[in-house]
Structures are given as C-alpha cells and as structure tokens.
Amino acid sequence: MAIMNRILPILALSSLVSASAVQQPLQKIPEAQALINTKPLITSDAIQDLITSKNLMKRAEELYKIAELSLDEYNHPTRVIGSPGHLGTVDYIYSTIAELGDYYEISNQTFPAVMGNIFEYRLVLGNHVPNSASAMSLTPPTKNKEPVFGPLVLVANDGCDESDYPSNITGSIAFIRRGTCAFGDKSANAGKAGAIAAVVYNNMKGSLSGTLGEPSKYHIATFGISDQDAQPYIRELQAGKIINSSAYIDSIVTKTGTTNIIAQTKGGDQENCVMLGGHSDSVAEGPGINDDGTGTMTLLEVATQLVNFKVNNCVRFAWWAGEEEGLLGSDYYVSQLSEKENMKIRLFMDYDMLASPNFAYQVYDARDNVNPVGSEELRDLYTAYYEKHELNYTYIAFDGRSDYDAFIKNGIPGGGIATGAEGIKTKEEVEMFGGTAGQWYDPCYHQLCDDISNLNFEAWVVNTKLVAHSVATYAESFKGFPKRTSIMASAQQERSLYHGPQLVM
Ligand SMILES: [Zn+2]
C-alpha cells in the first residue's frame with residue numbers, strides 16, 4: 001500500500017510531463033485539445049466513482065416526460081420511431097452531448113425506416129380457428145384488407161426454393177414449415193408463386209410469432225402457427241384432403257425517416273476506437289424506460305462523466321433508432337462504413353435493458369470460434385467484473401436480438417450485457433440474484449408499464465459502472481486485445497435466428 005502511494009503521484013506527474021513535452025513544439029493547439037490534454041488519463045475506478053443512482057434517476061424522470069410528448073397522438077407515453085416521444089429523445093441525446101462542449105464530435109445520421117401496424121387478423125383452416133395463429137410483424141394486409149378464400153396447400157421442404165411450390169399454389173393459402181430461410185423469404189416465394197396468403201408452422205414446440213423484416217413487393221399476408229395446431233392439417237393434406245380456408249389481415253406497412261446519433265471523442269487515437277451503443281427508440285405500446293431507456297441513459301451518463309478524463313483511444317457512442325423494427329439504425333450505420341472506417345472500430349459493445357425489475361446479470365455468450373475474434377475477450381471482461389464484485393452472472397445466447405448483429409456479421413468483435421426481457425426466471429436464478437421465480441425478468445417488457453417504477457436501480461447502478469469500466473479499459477489501452485483482421489476473414493457467416501426483438505427465421 002505504501003509503495004503504491006509513492007508510485008502513483010510520480011506516474012501521474014510523468015504522464016503530464018510527457019504530454020506537454022510532446023505538445024509544446026506544436027504552434028497551433030486547438031484550445032479544446034489543449035484542455036483535454038491537461039485532464040487526468042481515464043482509469044476505471046475514477047470514472048466508476050462518478051456514477052450515481054441520483055443522476056440516473058434524474059435522467060429517468062426526464063425521459064419519461066419526453067415519452068409523454070406522444071400522449072396526444074398515441075393516448076399513452078411512447079418513444080416509438082416517428083412519434084413526438086422519439087423525436088424528443090433524439091433531441092435530448094443531442095443536446096446533452098452538445099452541452100458537454102468541445103469534447104465530442106456529434107453527428108446525426110438520418111435513414112429510411114419502415115413501420116408496421118396490425119389492426120385485425122383472422123385465420124380459419126377448414127372449420128377451425130387455430131388458437132396459436134398470429135399475424136407476422138410487417139406483414140402486408142390481405143387483398144383490399146378483406147378476407148380471402150382458397151384451399152390450404154402444403155409446400156415441399158422448407159419453402160426456401162421456388163421449386164418447393166406446387167403448381168396448384170396459385171390462388172391458395174401456402175402452408176410452409178419453419179426452417180432454413182427467413183420468414184420474409186418464404187412469404188416472398190409464396191407470393192411469387194401466386195399464393196394469396198401464407199401460414200408458417202413451427203418446426204419445434206410452441207407458437208410462432210416473428211417478423212417478415214425488410215418489406216418486399218412479393219410479400220403476402222403471412223401468419224405463424226404452432227407445431228401442435230399444424231399437425232392435423234399436415235396429416236390431412238398428405239392424405240389428399242382438400243381444406244378450404246380463409247385468411248384476413250388488416251395492416252399497414254409505412255415508410256418513415258429516423259435518426260441515429262453518434263458522438264466520438266476528439267481526443268484519443270482516431271484510428272482505434274472503442275464503440276458502444278444503445279437504442280433510442282421504444283415499441284409503440286409503451287415508454288420503454290427499461291427497454292432501452294436504461295441503455296440510452298447509461299451511455300449519456302458515461303459520456304457525460306468521460307469528459308473529465310483524457311483518453312488514449314477514441315470512444316464512439318451510438319444511439320440507434322429503429323431497433324424495435326428490426327435493428328434498422330445499427331444495420332444502416334454498419335452498411336455505410338467503408339472498409340477503412342470499419343477497420344477503425346476495434347470492438348462494439350451493446351447495452352440494451354440494464355435494469356429489469358426481476359433481473360439477472362446476463363452476459364452475451366460471444367465466442368471467438370464463431371464470432372469475430374475479440375468477442376470472447378470482451379465477454380470475459382464482463383464476467384471478470386462480476387466475479388471481482390462477487391456478483392453472479394449467466395450467459396445468454398448471442399443470437400442477433402440486439403444492435404450488435406450488424407457488427408459481428410461485418411467482422412467487428414462484439415458483445416454486451418443485459419438484465420433480461422420476456423424470459424422466465426428459474427429457481428436457480430432466484431438463488432443467484434433474488435427476485436421471483438416463474439416470472440419474466442421484465443414483466444413490463446414491450447408494454448405500457450415499462451415506466452420508472454419498472455427499474456431496478458441496484459442492477460442499473462452496477463451495470464452502469466460496468467459500462468464505465470468497459471469504456472475506461474479500452475479507452476486507456478487495447479493491450480492484449482486481438483488486432484482487427486480483414487472484414488471477410490473475421491465476419492460471422494452463420495445466420496442468426498433473430499434480427500431484433502422478433503424471430504426472423
Ligand atoms: Zn431493446
């Protein structure tokens with residue numbers, strides 16, 4: 001301890017001396033840059049000390065008020081893209097960063113987005129209404145938003161190939177097994193073949209709800225049903241029985257524009273960036289204070305405290321829009337990166353839902369053998385932190401449910417932490433984290449009650465400190481962290497089951 005005390009001031013002093021020695025011969029030091037250089041170098045402990053529950057609470061109160069800007073239009077608070085609540089959120093993020101002065105370069109990136117709304121649907125197969133039937137997100141309506149009638153026709157294999165569709169599919173309702181390709185591909189294939197609606201049945205236990213994703217002119221009204229509901233129909237169709245059916249969906253798919261916000265430190269090595277992101281939007285059903293108000297506010301708080309320090313590597317914060325519609329903002333952002341810009345991002349850290357009321361400390365189970373190399377080192381940074389603080393954690397699937405997906409598909413190492421959405425907490429997890437077994441981690445997930453009272457502040461503070469730790473660690477040094485390899489060599493080739501909150505295949 002005594003030795004530490006003596007060494008620390010010397011180290012601090014020598015780093016100051018060397019910084020000014022480098023700077024002095026330069027004639028024009030921008031004032032802001034000179035100021036940054038007099039700040040102490042970032043350390044994990046120093047920035048963690050600045051994270052308080054009081055600051056987070058203040059932000060949560062502010063964000064809820066912003067969600068209420070949508071009351072007139074939606075009759076309840078929401079921050080869904082296109083709503084006054086989301087515009088207000090984007091303003092709030094932008095102005096919070098702008099008020100920090102010259103430390104960050106802020107940019108906003110507007111991009112085209114799609115939104116869907118399903119008003120009503122009904123599926124009748126033979127004489128029965130399958131209980132599990134649900135309309136897929138971003139499905140177009142049936143023709144003229146009226147019921148359509150036709151025989152149910154079984155499609156061969158998984159309906160991923162045009163040749164899987166028999167010639168009598170024209171004017172019929174296609175019955176397609178889940179698997180191999182995305183729901184959107186199946187719907188488009190059925191549409192191209194002349195079907196008037198499509199029903200995808202689950203190839204595993206349970207009901208099936210998902211999204212068609214990016215709209216296509218070939219998409220037709222599409223439902224999902226459970227394996228159990230599908231079985232009797234499959235048997236009858238295979239026996240050659242004709243099952244006259246009807247399908248009805250009233251829905252709209254509309255185009256809108258929305259905006260990502262990016263803030264990057266002006267200080268630090270601009271060729272080697274640590275990047276982190278959360279999504280600024282919520283679902284239409286509620287204010288989204290946990291999902292992902294917490295990630296949004298944690299990033300704002302860490303960005304606010306980071307200005308007290310000098311960084312060796314650049315730090316880039318992103319607030320994505322359109323996550324709930326299928327990771328639109330992060331997809332667009334990564335799609336616009338040149339190879340050179342892509343290579344500057346050493347890793348991407350995703351922070352989505354950090355304060356679920358019935359929380360577990362969850363770490364994405366990223367692995368170097370399937371994900372871009374470095375993903376596993378990031379995973380281990382999180383678990384080491386929880387272990388150091390004698391906190392339990394669980395691994396969760398790294399399966400494309402949040403904004404890291406475009407990064408890992410394009411060669412950028414990724415990972416992140418979360419506290420749980422609609423999953424059910426087990427007895428074992430209650431022993432690890434407290435809370436209630438048999439209940440969702442976030443019982444208000446994607447609902448109106450995702451408000452301030454839906455937050456667990458204990459988990460939120462721990463995780464915000466961990467986010468600060470992750471930023472501090474890599475802002476200080478990438479020592480020991482794998483170097484980037486070319487995009488193609490390291491990109492994850494496997495398709496994910498999810499691309500956003502809903503199943504895509
Ligand atoms: Zn989310």
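Predicted model: local features only at pLDDT ≥ 70, side-chain atom pairs only at ≥ 80, totals over all residues.

Trainee: OK, how many helices and strands does the chain have?
Mentor: The chain has 16 helices and 13 strands, where helices (H or I, at least four residues) and strands (E, at least two) are DSSP runs numbered from the N terminus.

Trainee: And why is it called as compact as a globular protein of that length?
Mentor: The radius of gyration of the chain is 25 Å, close to the 23 Å that the globule rule gives for 505 residues, so the chain is as compact as a globular protein of that length. That radius is taken over C-alpha atoms, and the rule is 2.2 Å times the number of residues to the power 0.38. Along its principal axes, the C-alpha trace spans about 85 × 45 × 45 Å.

Trainee: Which feature does UniProt place at residues 260–469?
Mentor: The unreviewed UniProt entry places "domain: Peptidase M28" there; UniProt positions are given in the numbering used here, feature names are shortened, and annotations may be inferred rather than shown by experiment. Over residues 260–469 the chain is 34% helix and 20% strand, with the end C-alpha atoms 24 Å apart.

Trainee: Switching topic, at what angle do α4 and α9 pack?
Mentor: Helix α4 (residues 53–67) and helix α9 (residues 289–306) pack at about 125°, with their axes 10 Å apart; axes are lines fitted to C-alpha atoms, for helices over the stretch in contact, and angles run from 0 to 180 degrees between N-to-C directions. The two helices are therefore oblique to each other, given that angles under 35 degrees count as roughly parallel, over 145 as roughly antiparallel, 65 to 115 as roughly perpendicular and the rest as oblique.

Trainee: Which residues of α4 and α9 meet?
Mentor: Asn55, Leu56, Arg59, Ala60, Leu63 and Tyr64 in α4 meet Ile289, Gly293, Met297, Leu300 and Glu301 in α9, with contact counted if C-beta atoms, placed from the backbone, lie within 7 Å.

Trainee: Where is the cis peptide bond?
Mentor: The cis bond joins Asp291 and Asp292, with omega about -10°, and Asp292 is found in helix α9.

Trainee: And what is the phi of Lys145?
Mentor: Lys145 is not a glycine, yet its phi is positive, about 55°, and Lys145 lies in the loop between β2 (134–135) and β3 (148–154).

How values were computed:
Residues numbered from 1 in each chain as written. Contact = placed C-beta atoms within 7 Å.
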